[in-house]
Amino acid sequence: MIVAPSILAADFARLAAEIESVEAAGAKWLHVDVMDGHFVPNITLGPPVVESLRRVTKMLLDVHLMIAEPGRYVRAFAEAGADRITVHAEACTHLHRTIQEIRAAGPKAGVAVNPATPPEAVRWVLDGVDLVLVMTVNPGFGGQAFIPGTVQKIPRLRQWAAGRKDLHIEVDGGIDPGTAPAAVAAGADVLVAGSAVFGKADRKKAVADILRAVAHISTV
């Protein structure tokens with residue numbers, strides 16, 4: 001089970017120190033939210049910031065592109081140091097091609113679906129991705145309430161993936177010790193947590209609390 005702290009909830013004025021704190025807390029992945037003000041109603045950061053993050057951490061950089069026309073920026077984020085790049089099915093005119101572009105650039109490829117998007121939108125690209133991100137809130141802002149019904153997509157994705165042990169299913173939005181068990185019970189193995197980690201003074205305890213909440217649940 002992986003907890004991926006989301007920098008959307010971090011203090012950007014002291015970002016390097018914030019990242020060091022969650023790495024020291026035992027986090028292995030860092031979730032990097034990229035927003036453009038078009039696909040989602042918010043703007044965050046671009047490749048130069050990812051390049052800066054790469055210099056200060058050994059954590060896996062899990063870059064989530066919540067942007068329009070993500071294929072135009074895949075190579076820039078890959079060259080900046082992204083280990084994984086996830087694009088939204090809703091933002092890609094030719095989703096399969098964009099996934100191929102990610103893999104050709106070097107990073108692992110992921111595909112995301114919004115709460116209102118059915119899992120069928122990604123069924124025919126599952127064999128080309130390493131990760132499926134199920135949004136458990138509407139993307140664009142942190143601190144939103146978890147939408148319980150979104151996790152119903154996860155068992156179907158697991159079924160379609162034909163038992164692939166190497167396919168990560170990630171959930172993002174409203175994840176904390178109270179909501180994580182439902183996502184893990186459905187089959188998720190990567191938990192993106194923003195304010196549930198960065199909003200706590202003791203980051204090590206925050207990560208441990210989430211993992212403890214799901215420790216009794218059998219994973220896929």
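What you're looking at is a predicted model, where local features need pLDDT of at least 70 and side-chain atom pairs count only at pLDDT 80 or more, while totals for chains, interfaces and linings use all residues. Residues are numbered from 1 along each chain as its sequence is written, and side-chain values use heavy atoms, with hydrogens and water left out.

**Overall build**

- The protein has eight helices and eight strands, taken as DSSP runs (H or I of at least four residues for helices, E of at least two for strands) and numbered from the N terminus.
- Along the principal axes, the C-alpha atoms fill a box of roughly 45 × 40 × 30 Å.
- Take the contacts (heavy atoms within 4.5 Å) with a separation of 6 or more: 65% of them come from residues 24 or more positions apart.

**Surface and charge**

- Accessible surface comes to about 9,700 Å², with 52% of that belonging to carbon and sulfur atoms; the areas come from the Shrake-Rupley method with a 1.4 Å probe.
- There are 22 positive side chains (Lys and Arg) and 23 negative ones (Asp and Glu), with His and the chain ends not counted.
- The centres of those two charge sets lie 5 Å apart, placing each charge at NZ of Lys, CZ of Arg, CG of Asp or CD of Glu.

**Nonpolar cores**

- A nonpolar core here is a set of buried Ala, Val, Leu, Ile, Met, Phe, Trp, Tyr and Cys residues joined through side-chain atoms within 4.5 Å.
- The largest one holds 64 residues, and Val-32, Val-63, Ile-85, Leu-95, Val-122 and Val-132 touch the most other members.
- Leaving aside residues up to four places away in sequence, Val-63 touches Val-32, Val-34, Val-50, Phe-77, Ala-82, Arg-84, Ile-85 and Thr-86.
- A second, separate core has 10 residues, including Ile-2, Ala-4, Leu-131 and Val-192.

**Two loop residues**

- Gly-46 sits in the loop between β2 (29-35) and α2 (47-56), and it counts as buried at 18% relative accessibility.
- Gly-46 is 12 residues from Val-34 in sequence, and their C-alpha atoms are 6.6 Å apart.
- Glu-69 is in the loop between β3 (60-66) and α3 (74-80), and at 49% relative accessibility it counts as partly exposed.
- Glu-69 isn't a glycine, yet it has a positive phi of about 50 degrees. Most residues other than glycine have a negative phi.

Terms used: Buried means under 20% relative accessible area, exposed over 50%, partly exposed in between (1.4 Å probe, protein chains only).
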